[in-house]
Amino acid sequence: MNKKTVKTRSLLTCLLTFGQVCSRSVEQMRASFCFCLIAALSVVGLNSACGQGVFENVDVNEFTKLASDTNIVVLDVRTASEFAEGHLERAINIDYQQSDFMEKAKATLPLDKKIAVYCRSGRRSAGAAGKLGEEGYKLVNLKGGIIAWKEANMPVTKE
């Protein structure tokens, strides 16, 4: 059974369940409705936050392999002050929160190389990856950001 079939069956089951729940409490109805909404969005492919369909999320172990590959560009999308506190070796800093983020990214990042992107917790980098992915970049996002990286006792540099 493929993913689309599973999602469609889940949606149908959800809708039937929602009909049965209507006679229950408001909280149960709310929970069932939210589940149905998520299932429906999943069926039509709209459950990817921030354009997530155009990039992959990886854990620290996988990101370590990528970051050590000199053919992959390491991109830190935190602020300059966060970057100065410590960053991954070879990382390029382009602040995602700046209005000229896309302009700087397009001027700096090669389209023909994979980009390994991270931020503090993974949220900004997911947003950046979504935007860059829509422009044709190949991206991998560090799940949990530099917080997860440091928790795994991975090295950072201030140079």
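User: How exposed is Asp100, and what does its side chain meet in a salt bridge?

Analyst: Asp100 is partly exposed, at 24% relative accessibility. Its side chain meets that of Lys104 in a salt bridge, at 3.5 Å from N to O. A salt bridge is a side-chain nitrogen of Lys or Arg within 4 Å of a carboxyl oxygen of Asp or Glu. Lys104 is also partly exposed, with a relative accessible area of 42%.

User: How many salt bridges are there in the whole structure?

Analyst: The search finds five. One of them joins Glu135 and Lys106, whose closest N and O atoms are 3.4 Å apart. Glu135 lies in the loop between H6 and strand S5 (138-142) and Lys106 in helix H5, so this pair ties together parts that are 29 residues apart in sequence. Helices (H or I, at least four residues) and strands (E, at least two) are DSSP runs, numbered from the N terminus.

User: What is the secondary structure of the chain overall?

Analyst: The protein chain has seven helices and five strands. Of its 159 residues, 37% are buried.

User: Which residues touch the most other members of the largest nonpolar core?

Analyst: They are Leu75, Val77, Phe101, Leu109, Ile115, Leu132 and Leu139, in a core of 18 residues. Helix H6 (123-134) is one of the elements that supply at least two residues of this core, and H6 gives the most, with four. A nonpolar core is a set of buried Ala, Val, Leu, Ile, Met, Phe, Trp, Tyr and Cys residues joined through side-chain atoms within 4.5 Å.

User: How high is the average pLDDT of the chain?

Analyst: The average pLDDT, which is the predictor's confidence in each residue from 0 to 100, is 81, and 67% of the residues score at least 70. Over residues 2-8 the pLDDT is below 50, and over residues 41-51 it is below 50 as well. Where pLDDT is low, the predicted coordinates should not be read in detail.

Methods
Residues numbered from 1 in each chain as written. Predicted model: local features only at pLDDT ≥ 70, side-chain atom pairs only at ≥ 80, totals over all residues. Heavy atoms only, no water. Buried < 20%, exposed > 50% of the residue type's maximum accessible area, 1.4 Å probe, protein only. Contact = heavy atoms within 4.5 Å.
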